[in-house]
Amino acid sequence: MNSKSATAPLKIIVNASLIALCISLSLSMFITGWPQKIFYVVSYVSFFTTLYAIYKKDISFKNEHFYLVMFFSLLFLAAVRFVWAMMLKHNGIDPSPTSAGIINNYLVGSKRILLGAFVILCLSVYGSLTTQKTIFLSKVIIVVGLIVTLGFGLHEHFYTVNDRIKLTTDASSMSSYMIIFIYAAYLGLSRLENHRYSKCVDLGAFILTFILLYLCGTRITILALIFLKLTFIFLEYKIDLRKNWQMAGLVVLAIVAILGITGHRWAQGINDIQKYDVQSSTSLGARVAIWQSGIYLLHHHIGFTTPDERTTLARAFIKTHHPENTEGYTNVQYNMHNEFLEVTTLQGLLGTFSLLLPYLVLIYGWVRKVNIKGMVLPFIALFVTGLTDSVILYDQTATLFVISLAVCCIGTRKSAE
């Protein structure tokens with residue numbers, strides 16, 4: 001970035017944008033409406049800031065080639081989803097209520113991914129203008145948000161009929177995905193800030209996140225949390241566990257403790273697998289049937305498909321090959337419970353490529369030795385959780401994914417003091 005362009009108003013915009021994004025993240029689990037409004041304001045400001053960067057020639061393909069390629073990959077992802085949703089919305093066929101909800105989620109989510117791409121590019125270019133005070137304040141905002149979220153979560157857990165908390169979403173799994181993206185954003189900031197109390201705050205954020213994920217009761221996000229923390233340790237502390245036996249022991253002990261505390265959910269999953277031939281209509285059994293139906297559909301659809309058409313074909317497959325699996329038969333109408341199967345069975349090969357492209361860009365950045373330590377964190381969370389569910393199908397989770405990615409772009413160059 002051209003240092004002459006680093007005017008005081010621009011510095012204020014960048015720092016205020018980061019704080020606003022963290023406020024949006026911190027409010028997302030217990031307030032509806034305002035987090036999205038904050039995101040929209042930041043995205044519009046980022047759009048005009050990006051135009052300013054182009055005018056001032058602060059963006060060049062030579063210096064920002066990785067961020068520009070990532071920007072265009074996200075635009076492509078948003079465009080495919082938007083075109084698919086608009087085609088089905090105006091094809092003259094009335095969808096079922098469930099199908100209409102899916103189409104609307106993709107439509108709103110595509111718009112937010114599009115707007116988020118401008119936020120990501122803006123903060124990638126001007127991220128070096130963020131100050132240490134802003135980064136520390138942003139971390140505190142996220143931690144305070146997690147504390148308040150935990151209060152709402154405990155109230156819901158103990159004083160409502162919900163055994164697994166949902167907070168501001170329609171499903172416990174959605175809440176857990178949003179929480180894991182919030183934690184990924186926190187880690188992205190944590191690698192840039194070295195306050196003397198940082199380690200204590202980091203531990204507190206980890207514990208808060210774990211408790212919230214435990215209350216959500218979604219197994220895959222516990223694994224995502226472990227992968228995130230291990231990735232952060234390896235990238236930032238550069239610890240060789242083969243040589244540092246004390247640290248290796250602590251890591252193993254922590255993983256065993258986490259899996260032990262959530263042992264009843266893992267035991268339930270193992271029991272479902274062992275009894276699949278006898279009782280297939282379980283949470284994991286439903287996924288097996290849904291995944292097999294999705295793989296079957298891959299051979300029949302390489303273009304756009306409506307959710308209702310997919311449901312009809314998938315249910316015919318499940319009824320033939322898994323007749324006792326009522327759980328899979330019922331839930332296949334919502335999604336394929338796998339990110340790549342979800343987009344491929346609805347948006348064909350174009351959808352598959354659009355989802356794969358950002359990952360390929362990330363690998364490209366790693367090969368070209370671009371500093372992707374922050375950006376890799378939200379992608380790890382998305383990939384791991386996407387193995388067993390369709391994550392950014394929902395507009396709420398798609399929003400938090402792009403916000404998390406934008407926050408993690410901060411400080412990819414040396415932060416300003």
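This report describes the fold, core, salt bridges, surface and selected loop residues of a predicted model.

## Overall architecture

The protein contains 16 helices and zero strands. Of its 417 residues, 56% count as buried. Among contacts between residues at least 6 apart in sequence, 79% join residues at least 24 apart.

The accessible surface of the protein is about 18,900 Å², and carbon and sulfur atoms account for 67% of that area.

## Nonpolar cores

The largest nonpolar core has 112 residues, and the members that touch the most others are Leu21, Phe66 and Leu228. Helix α4, spanning residues 97–126, gives the most to this core, with 15 residues. Apart from this core lies another, of nine residues, including Ile290, Ile318, Met336 and Leu341.

With neighbours within four places in sequence left aside, Phe66 is in contact with Val361, Leu362, Tyr364, Gly365, Val370, Ile372 and Met375.

## Cysteines

A search of the whole structure finds zero disulfides. Cys122 is buried, because its relative accessibility of 6% is under the 20% cut-off. Cys216 also counts as buried, at 0% relative accessibility.

## Salt bridges

The count of salt bridges comes to three. In one of them, the side chains of Arg112 and Asp395 meet at 3.4 Å, N to O.

Lys139 forms a salt bridge with Asp202, and their closest N and O atoms are 3.3 Å apart. Here helix α5 (residues 132–159), which holds Lys139, is linked to helix α7 (residues 198–216), which holds Asp202; the two residues are 63 residues apart. Lys139 is buried at 1% relative accessibility, and Asp202 is buried with a relative accessible area of 5%. Glu342 pairs with Arg310 in a salt bridge whose closest N and O atoms are 3.0 Å apart.

A nonpolar patch on the surface is formed by Phe353, Leu356, Leu360, Ile363, Trp366 and Val367, which together have about 610 Å² of accessible area. One of these residues, Leu356, is found in helix α14. Leu356 counts as partly exposed because its relative accessible area, 33%, falls between the 20% and 50% cut-offs.

Phe30 lies in the loop between α1 (8–27) and α2 (34–55). Leaving aside neighbours within four places in sequence, Phe30 is in contact with Gly145, Val148, Thr149, Phe152 and Thr168. The C-alpha atoms of Phe30 and Gly153 are separated by 8.8 Å, although these residues are 123 residues apart along the chain.

Ser175 lies in helix α6 (residues 172–190) and is buried, with a relative accessible area of 0%. With neighbours within four places again left aside, the contacts of Ser175 are Met29, Ile165, Lys166, Leu167, Thr169 and Cys216. Cys216, as noted under the cysteines, is itself buried at 0% relative accessibility.

## Loop lysines with positive phi

Lys57 is not a glycine, yet has a positive phi of about 60°. Its place is in the loop between α2 and α3 (61–89). Lys57 is exposed, because its relative accessible area of 72% is over the 50% cut-off.

Lys369 also has a positive phi, near 60°, in a residue other than glycine. Lys369 lies in the loop between α14 and α15 (376–385). At 75% relative accessibility, Lys369 counts as exposed.

Terms used. Residues are numbered from 1 along each chain as its sequence is written. This is a predicted model: local features need pLDDT of at least 70, side-chain atom pairs count only at pLDDT 80 or more; totals for chains, interfaces and linings use all residues. Side-chain values use heavy atoms; hydrogens and water are left out. A nonpolar core is a set of buried Ala, Val, Leu, Ile, Met, Phe, Trp, Tyr and Cys residues joined through side-chain atoms within 4.5 Å. Buried means under 20% relative accessible area, exposed over 50%, partly exposed in between (1.4 Å probe, protein chains only). Helices (H or I, at least four residues) and strands (E, at least two) are DSSP runs, numbered from the N terminus. Contact means heavy atoms within 4.5 Å. A disulfide is a pair of cysteine sulfur atoms within 2.5 Å. A salt bridge is a side-chain nitrogen of Lys or Arg within 4 Å of a carboxyl oxygen of Asp or Glu. Accessible areas come from the Shrake-Rupley method with a 1.4 Å probe; for residues, only the protein chains shown count as cover. Patches are made of residues with over 30% relative accessible area and no salt bridge: like charges are joined within 9 Å, nonpolar side chains (Val, Leu, Ile, Met, Phe, Trp, Tyr) within 5 Å.
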